[in-house]
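Please open the structure in your viewer and keep the selection panel at hand. The tour goes from one selection to the next.

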Protein chains: 2
Amino acid sequence: MKIRIAILGYGNLGRGIQCAIRQNADMELVAVYTRRAPETLETVWDVPVYPVEELMARQGEIDVLVLGGGSATDLPVQTPYYARYFNVVDSFDTHARIPEHFAAVEEAARQGGKTALISVGWDPGMFSVNRLYAGAILPQGKDYTFWGKGVSQGHSDAIRRIKGVKNAKQYTIPIQSALESVRNGENPELSAAQKHVRECYVVPQEGADLGRIEEEIKTMPNYFADYDTMVHFISEEELLRDHAGIPHGGLVLRTGHTGACGEHSHVIEYSLKLDSNPEFTACVLAAYARAAYRMHLRGDVGCKTVFDVAPVDLSPLSPEEMRRTLL
Amino acid sequence: MKIRIAILGYGNLGRGIQCAIRQNADMELVAVYTRRAPETLETVWDVPVYPVEELMARQGEIDVLVLGGGSATDLPVQTPYYARYFNVVDSFDTHARIPEHFAAVEEAARQGGKTALISVGWDPGMFSVNRLYAGAILPQGKDYTFWGKGVSQGHSDAIRRIKGVKNAKQYTIPIQSALESVRNGENPELSAAQKHVRECYVVPQEGADLGRIEEEIKTMPNYFADYDTMVHFISEEELLRDHAGIPHGGLVLRTGHTGACGEHSHVIEYSLKLDSNPEFTACVLAAYARAAYRMHLRGDVGCKTVFDVAPVDLSPLSPEEMRRTLL
């Protein structure tokens, strides 16, 4: 008997979830739910597509509902709403608002007797788990998170809002010298701007003032002003040809000291190099959908995060097989 | 109220455990137990030292017993024995014998209603956890584990048993080109010998036949014959001066593919660079001692491994603080 998964929302993330489920033999995708007209959706493989209004009527057919929506407006509403009726997994990634999202989902999931896993992905998600493990192991130490090389959707959007810009893509790139300083145990104090440069590929509208656009980008508060920012003007054709992907990744490091007088240094490093940010996030969601299903079977209800999930619940292997082959 | 820890066995690992406990404000070391004469032990900081025979009489004073013994002869006997009377944590690291060790400890811990955590450290331990996470996230992928640069005690011992050798230290070193091939997603098939070289620092006895010693090392089956092995003859003085440390570390990588037709590649990499192998292992033991204590309080008894422990149980932070600061 496979775990019956449904997806709500079929953008890049939803497509990735369908692909991820296909790689897990113990899961099946029973349906996709959408706010769009179902017949307009082109799914990667055939699967029933229903309007979101039908979701509530099909509770009995779904073990876990994986939410493919965005953190800005979809998930703050959807996750608390559906957590009352379904076991759910979401990728809510607005770090500052996690406590309030948790509280809303916790109340709903408790009332419904369901298991909800929020903020699943890689940051928050695998990076968070690694920060927790490393901090617990090396209490006297210092954490560093670097992002990239990867596309920042928020920064790309910010550039597109500038007058005279037709299209744009922004890459966040770790500064190698800062990274090496951390790896060498030098314990530097580093701001976000001292850890990353921002590289922008901009398609200007015909006749636009390139100097002004570059100036507006480089001086944009919060987004670029504090950073070393590079701006390249390219054609729409080049943008589509060379910058169509959505790669991302990054590193979480912790350096710490042990011994009678802190005489020994240690470096723990976790890194991701991802060709497709949404597809990798989707893979993490699929693994945690398995955990949500198992936790609910055990009566472990309420809102959970990656911190609450024992690794054993993520794997399709039996505990014996796990101990024999992975331990 | 602090978690009351006792250590059994006070070698390099036991010393490391004492240092690690000192870094965790919610723990206190109540005593060290030893098979040696207690008055001969020089502990890093003052702590009561008792003969092992007194351990059973002091059950009520100990929340978790951390075992500092070795995997060859100590732990196969000690862990099953004490798991009946104490919550225990050990670093049993003979991978092939984990299933039988688990079975013996499981029976004892169940009978005593105690929580036992075995094979805690970095491999088995943190490397295992990372193999599990990465495998669950990228089901279509390939695992790689590299060790080093670090001292292999087993290989150093093997060299010391050769006639004419006074002392020796062997370093296991990852081959960078193999590592780069993995990082580039080339999915190479690599034997242990294709991933590592072995570098030996050997102190010969006076008048020993260096050519024969080098030949014996390089042709030693299982240990060196399959590897690219370098042998350096040095003085005892140089060995003590330049090779006194016990550094270690290594990397766990998984590369995998996602997308409709596997068109996207991803690399997950976890690495450790450790100045002191036993001190880092001790830090992991201390964090898991916290988890053993909490799991036992919840009635979660029996033999467990790192796979069974939710990250939340490793950290001294409250769940709210964790979500706010680490997620």
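This is a predicted model: local features need pLDDT of at least 70, side-chain atom pairs count only at pLDDT 80 or more; totals for chains, interfaces and linings use all residues.

Start by selecting chain A and chain B together: 65 residues of chain B are in contact with 65 residues of chain A. The two chains bury about 5800 Å² between them, with 64% of that area given by carbon and sulfur atoms.

Now hide chain A and look at the side of chain B that touches it. α3 (98–112), α4 (126–137), β12 (248–258), β13 (264–274), α10 (277–297) and α11 (319–325) of chain B each supply at least two residues. β13(B) gives the largest share, eleven residues. By class, this side has 36 nonpolar, 17 polar and twelve charged residues.

Bring chain A back and select residues 264–274 in both chains. Strand β13 of chain A pairs with β13(B) in the antiparallel sense, over nine bridges. Within this pairing, find A:Leu274, which stands opposite B:His266.

Next, select the open sheet of chain B, four strands in the order β8-β9-β10-β11 with mixed pairing. β8 (150–151) and β11 (228–233) are at the edges with a single partner strand each, so one side of each has no neighbour in the sheet. β8(B) runs antiparallel to β9 (165–174), joined by two bridges; B:Val151 has B:Tyr171 as its bridge partner.

α5 (153–160) lies across β8, β9 and β10 (196–204), at about 145° to β9(B). α8 (210–218) lies across β9, β10 and β11, at about 150° to β11(B).

Technical notes:
Residues are numbered from 1 along each chain as its sequence is written. Chains are lettered from A and ligands numbered from 1 in the order in which they are written. Side-chain values use heavy atoms; hydrogens and water are left out. Contact means heavy atoms within 4.5 Å. Buried area is the accessible area (1.4 Å probe) that two parts lose on being put together, summed over both. Ala, Val, Leu, Ile, Met, Phe, Trp, Tyr, Cys and Pro count as nonpolar, Asp, Glu, Lys and Arg as charged, and the others, Gly among them, as polar. Two strands pair if DSSP finds at least two bridges between them. Axes are lines fitted to C-alpha atoms, for helices over the stretch in contact, and angles run from 0 to 180 degrees between N-to-C directions.
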